[in-house]
Structures are given as structure tokens and as C-alpha cells.
Amino acid sequence: MREWDTEALQLAAGWEPVVRGFFASPAGRDLSAFLRSRIEAGAVIFPPRPLRALETTPLDAVHAVILGQDPYHGAGQAEGLAFSVPQGVKVPPSLRNIFKELLCDAPGPLPGSGSLMSWAQRGVLMLNAVLTVEEASPASHARKGWEQLTDALLAQVAARVSPCVYLLWGAHAQAKAGLVEATAAAHGREALLLQANHPSPLSAARPPVPFLGCGHFGRARQWLAERGHPGFFDPPRPD
């Protein structure tokens with residue numbers, strides 16, 4: 001990301017009020033000032049389009065949410081969709097474990113691309129809790145304001161969307177479970193929360209709830225199909 005201009009954002013339907021409201025708030029203005037200051041200081045910030053998930057997936061199309069922590073911090077990896085990398089980029093270890101778990105429920109060859117754009121276009125909101133990061137510096141933009149925006153976005157989904165599956169992997173994602181459950185219940189929305197360890201090789205096979213073998217994709221696919229929304233979490237196709 002070489003510049004930051006909230007006026008130039010091109011958002012899919014349904015997100016504008018939350019996003020514009022946030023960036024007009026003191027927290028949003030502080031975040032914008034921080035991003036501009038880091039760019040002016042020469043920091044290399046990923047991804048080029050931090051709000052790509054909101055550009056790609058309209059609110060009313062959402063029936064599943066995958067929540068990550070923050071973007072990949074290696075050059076060319078992050079593309080604004082949680083866990084996804086662009087076509088032609090080597091599949092990172094966490095995403096490779098996601099594909100392994102996916103294929104437990106839908107056997108076949110590992111996808112040849114790490115791009116999850118087809119899921120985003122199908123109605124899977126792939127959102128990180130923090131939407132930017134500096135090169136080679138994980139969590140460098142944590143607690144700068146993004147969390148307030150992504151909390152507001154999750155609350156909007158929980159209040160408006162039904163049915164919806166929430167895939168919460170790792171402690172950072174699971175910390176949002178209470179927000180999602182309370183908001184969905186208050187608005188009478190049907191929500192399925194599935195929680196497990198993060199798919200990183202450091203935690204994917206460890207207790208208390210190993211990611212590998214959790215069966216989340218099969219459960220999510222069946223639950224949505226029973227409610228009239230088949231076709232979720234098929235192996236991703238090329239862009």
C-alpha cells in the first residue's frame with residue numbers, strides 16, 4: 001500500500017454506512033493518520049487493498065465468515081482476504097493446513113492456487129481482525145484502530161445475516177464469539193459458531209481443539225445446505 005485515501009474506497013453493497021461512519025470517528029481518523037505517517041516514513045505496508053473483502057462480498061450475500069488475525073507480512077502474499085494469497089504465490093503453511101482440512105470433507109487433490117477469491121465471490125466474508133501489516137513485522141498494526149472497525153463489521157453481519165456460519169480459528173478470532181452470539185441472538189438471526197485452534201503449523205495439531213480434524217468445513221457445508229444455501233466451501237477454483 002503506497003497511499004491511503006478513504007474517499008477512494010469502492011465498497012460492495014451494505015458496507016458503506018459502517019465503514020464511512022468508522023473513518024469519520026476519532027478512532028478512524030487516528031487510524032488514517034497513523035497509516036499516512038507510516039507510508040510517509042517509508043514503511044512497506046500490506047496488502048495493497050486492505051478492504052478487498054468488503055469490495056468483493058456484498059453484505060446481503062454473506063452466509064459464512066472466516067476470521068483471521070492480521071495479513072501475511074511477506075512481499076506479494078496478502079491480497080486483502082484472510083488466509084488467501086494471489087494466483088502464482090506459494091501456498092503458506094496455514095493455508096496448506098486449511099486445504100488439508102477442507103479435503104478431509106471433500107477428498108481430492110490439493111488446490112493448485114492459494115487464491116480464495118472464488119469463496120469471497122460465493123458469499124464467504126474473509127476478514128482479518130487487523131487489516132494492514134508492515135513487511136516482516138507481524139502484528140505491527142494491532143491496536144491501532146482496525147479492531148474497532150472489524151468488530152463493527154462483525155456486528156453488522158450478526159445483526160443482518162441469517163443463516164451464517166462463523167469459523168473462528170485461534171484465540172484472536174474466538175475473542176469475537178461473544179460479540180457475534182449476543183448480536184445474532186438480539187436480532188433473532190441464526191448463527192453457527194465453529195471454533196478451533198489456529199491453522200498455523202505451531203497450533204494446528206495441538207489441544208485443546210486441534211484445527212486438523214475439526215470437521216468444520218463439512219459441518220458448515222451441511223448446516224448451510226439444510227437451510228437452502230448449498231455449494232459453500234467447495235475446493236476453491238482459479239480466478
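Figure 1. Helix α1 (residues 16-24) holds both Glu16 and Arg20, which are four residues apart, about one turn of the helix; helices (H or I, at least four residues) and strands (E, at least two) are DSSP runs, numbered from the N terminus. The model is predicted: local features need pLDDT of at least 70, side-chain atom pairs count only at pLDDT 80 or more, and totals for chains, interfaces and linings use all residues. Residues are numbered from 1 along each chain as its sequence is written, and side-chain values use heavy atoms, with hydrogens and water left out. Between Glu16 and Arg20 there is a salt bridge, with the closest N and O atoms 2.6 Å apart; the term denotes a side-chain nitrogen of Lys or Arg within 4 Å of a carboxyl oxygen of Asp or Glu. Glu16 has a relative accessible area of 33% and is partly exposed, and Arg20, at 25%, is also partly exposed. Buried means under 20% relative accessible area, exposed over 50%, and partly exposed in between (1.4 Å probe, protein chains only).

**Figure 2. Salt bridges join separate parts of the chain.** Eight salt bridges are found in the whole structure. Arg52 and Glu79 meet through their side chains at 3.1 Å, N to O. This pair links distant parts of the chain, 27 residues apart: Arg52 belongs to helix α3 (residues 52-56), and Glu79 to the loop between β2 (64-68) and α4 (93-105). Both Arg52 and Glu79 are buried. A salt bridge also connects Lys176 with Asp151, the closest N and O atoms being 2.7 Å apart. Lys176 lies in the loop between α7 (171-174) and α8 (177-186) and Asp151 in helix α6 (residues 146-160), so the pair ties together parts that are 25 residues apart in sequence. Lys176 is buried, with a relative accessible area of 11%, whereas Asp151 is partly exposed at 27%. A network of salt bridges links Glu190, Glu226 and Arg227.

**Figure 3. The surroundings of Glu134.** Glu134 is part of strand β4 (residues 133-134) and is buried because its relative accessibility is 13%. The Glu134 side chain makes polar contacts with the side chains of Arg38 (2.7 Å) and His141 (2.8 Å). A polar contact is a pair of N or O atoms within 3.5 Å; within protein, one must be able to donate a hydrogen and the other to accept it, and residues adjacent in sequence count only if both atoms are side-chain atoms. Not counting residues up to four places away in sequence, Glu134 touches Phe34, Arg38, Ala43, Val44, Ile45, His73, Ser140 and His141, where contact means heavy atoms within 4.5 Å.

**Figure 4. Trp15 in the largest nonpolar core.** This core has 80 residues, and those with the most contacts inside it are Trp15 and Phe233. A nonpolar core is a set of buried Ala, Val, Leu, Ile, Met, Phe, Trp, Tyr and Cys residues joined through side-chain atoms within 4.5 Å. Apart from neighbours within four places in sequence, Trp15 is in contact with Leu54, Thr57, Pro58, Leu59, Val62, Leu125, Leu153 and Val157.

**Figure 5. The loop position of Ala41.** Ala41 is located in the loop between α2 (26-40) and β1 (45-46). With 56% relative accessibility, Ala41 is exposed. Ala41 and Gly80 are 39 residues apart in sequence, and their C-alpha atoms are 22 Å apart in space.
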